Amino acid sequence: MPRVGFLRRLSDHFTANSRTYNILCQLALALLSILLYSLIILLYLKPIVFSLESLINPLAPGPSPQVLVSIGVAILSAATSAWATRCVEHYLWLKLAEPVTGNHRGVTLGEVQRIAQWTVSPMQRILYFFSGQLWSLKISGVMLLLTAFVNTALLAGISTQSRQTISTQDFPPDNSTKPFSGYLTTANNRYRGGDYRDIPTEIAATVALSNLTVPPVATLCGSNTSCKIRARVAALNAKCLAKSYSNINLASSTEVEVPKLDPDSQKLSGRLITYKSQLNAGHTVTLNPGVSPTTWVNFSSSYIGGTKMWYSSGWSWGNTGNAPGDFSNIFGAWAFGGEYGEDRVLYPSESVDCNIHFGWVWVTQVGSNSPTLDSTFIKNYRGLSEQFGLNVIGRIYGESNRSPFSFTGLAVGTGSNTLFDVPVGYLLLGETAYVHADTVAKRIERVFQMATLMAWGRLPSAAHAYYTTTITKTDYVYDSRYLLVLFVPAVAAFLGGFGKWRMGDSRAVPGYNPMVIASRGPVLGATRLWDGIIPEDEDRPVGSILIDNGFGESRVYYGCLQPDELEQDVK
């Protein structure tokens, strides 16, 4: 009961002050619209003032500008429609409340119907454009319908744009290292009585010829995908010459010696076939097609341009003739397709001739991806003897004949084959040696490329490195030209209220309360309105008429001027 009493008192208070509340409601709608216009315009012109990172950065947590704009436009459209509809509604009822006389026409009966339908039906707003009398309502009605496209237009003005910030750091080589320090291990940096081997290059050959990739240097960029490293790395580079020999051109070639060749017989037994290097004069390898053991593969390495010098272990190749940047020559020959046999004709044979140079190459690593070599190799301008560490490894290739590319393939009748004891030889030629020289040449070049990458990975501080970090940031971009679409709801609100600012109370403006409307009684002077307005009544003014009920009381009705009154007024 107390609650009912409170609601009753609240209803009586609103009724007594309804005009004030109507004015306050219109003011609230106007202020709300102005606030939303301001927020949307400010968002497009200077979004940083909102202190919301999600309005700047698409990846930041929080409400996105698309969501906020959609909500704001939805509220703005509702406020605009409510403002214009209330203005037109109050205008209509206040016009009807005005007494109609010959001198004051008010609004016509047809216009009353069209305005009333304008306030409740979007379709009637379109029809009003063609049949209505008020130009402001014609334009306002169309604009209110166009507000449905305001949100789409504003969202089209929000896009993303990426920008990059690039920073570069320069790291020179560590003073405690030498350029080729990454190539050195315990196995190859000391002579140890001649028992040393170039194990790092053998590992590189295994990785490269097994179609594996070198792992990234994790200590450089870590998992930072925007980090890029370019390093000037000390490198070994192989350039190879491939040759293939057939049965016919072997005997006449100046690059191969086949002693005592009988033109009537091509049996190989007892004949040593010597292949001569074309890149390093004096470097030869020999194949022996004897009955057993048969030498069908022979690879060796030597200094480039060297001369034989006497060492305590005997004659060997010295590096006195090496030119700047020369490291070693690798030369090898093999019978294509396998071993020789006693009664077989001379097999086609292959040879590969490679000069290995030392110098510099650029290595690139991006993030945690495997490093890659640039194609340009720069040969060093100093001699091998001046390269700390590398000169020791050079002795493996030029003196001790223990390089990974110094091996032979000997076969005997029992099926034994020494090539299977040499991993590098096995990987270069395969099980049956059905491989041409150009393929083997490319494999040797890949081995030294892999050796360079792995040497840098062992000791990256020995190279001059340039770190480039690229930070890509994506921001929202607001096109302020799309703010012009806000003129649509603004014009709709302005014209909807143009000349219709006055607000009435609940007695003068019953709104859509059917009981109150019915209590006003019939429209006097109009013919059966429930069947529609007849053409004769379409342009008759309608308004309030005060009628005495005969008991000393007067009552307000809605009525139309009679035809004779209209004619009299015209006269």
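Modeller: Happy to! Let's start at a disulfide: Cys240 and Cys354 are joined with their sulfur atoms 2.0 Å apart, where a disulfide means a pair of cysteine sulfur atoms within 2.5 Å. Before going on, please keep in mind that this is a predicted model, in which local features need pLDDT of at least 70 and side-chain atom pairs count only at pLDDT 80 or more, while totals for chains, interfaces and linings use all residues. Residues are numbered from 1 along each chain as its sequence is written, and side-chain values use heavy atoms, with hydrogens and water left out.

The link between Cys240 and Cys354 is right-handed, with 110° about the S-S bond. Cys240 belongs to strand 3 (residues 227–245) and Cys354 to strand 11, so the bond ties together parts that lie 114 residues apart in sequence. Strands here, like helices, are DSSP runs numbered from the N terminus (E and at least two residues for strands, H or I and at least four residues for helices). A search of the whole structure turns up one disulfide. As for other cysteines, Cys25 is partly exposed at a relative accessible area of 30%, whereas Cys87 counts as buried at 0%. Cys354 is buried too, with a relative accessible area of 0%. Buried stands for under 20% relative accessible area, exposed for over 50%, and partly exposed for what falls in between, using a 1.4 Å probe and protein chains only.

Strand 11 covers residues 349–366, and 16 of its 18 residues are buried, so the rest of the structure largely encloses it. With strand 3, strand 11 pairs in the antiparallel sense over 18 bridges; two strands count as paired if DSSP finds at least two bridges between them.

Strand 10 (residues 326–335) runs antiparallel to strand 11 and is joined to it by nine bridges, and here Asp326 stands opposite His357 of strand 11. Strand 12 (residues 372–379) is also antiparallel to strand 11, with five bridges between them; Trp360, for instance, has Ile378 of strand 12 as its bridge partner. Strands 11 and 12 make a hairpin with five residues between the strands, and in this hairpin Gly367 takes a positive phi near 60°.

Thr364 counts as buried because its relative accessibility is 12%. The side chain of Thr364 makes a polar contact with the side chain of Arg230, at 3.4 Å. A polar contact is a pair of N or O atoms within 3.5 Å; within protein, one must be able to donate a hydrogen and the other to accept it, and residues adjacent in sequence count only if both atoms are side-chain atoms. If we leave aside neighbours within four places in sequence, Thr364 is in contact with Lys228, Ile229, Arg230, Ser370, Pro371, Thr372 and Asp374, contact meaning heavy atoms within 4.5 Å.

Now for the wider setting. The protein chain holds 16 helices and 17 strands, and 42% of its 571 residues count as buried. Of the chain's contacts between residues at least 6 apart in sequence, 70% join residues at least 24 apart.

The largest nonpolar core has 66 residues, and Phe299, Trp334, Leu429 and Ile444 are those with the most contacts inside it. Helix 13 (residues 437–458) supplies the largest share of this core, 12 residues. A second, separate core of 26 residues includes Trp83, Cys87, Trp93 and Leu144. A nonpolar core here is a set of buried Ala, Val, Leu, Ile, Met, Phe, Trp, Tyr and Cys residues joined through side-chain atoms within 4.5 Å.

For another sheet to look at, find the open one of three strands, ordered 4-5-6 with antiparallel pairing. Strand 4 (256–257) and strand 6 (284–287) are at its edges with a single partner strand each, so one side of each has no neighbour in the sheet. Strand 5 (residues 273–276) is joined to strand 6 by four bridges, and Lys276 has Thr284 of strand 6 as its bridge partner.
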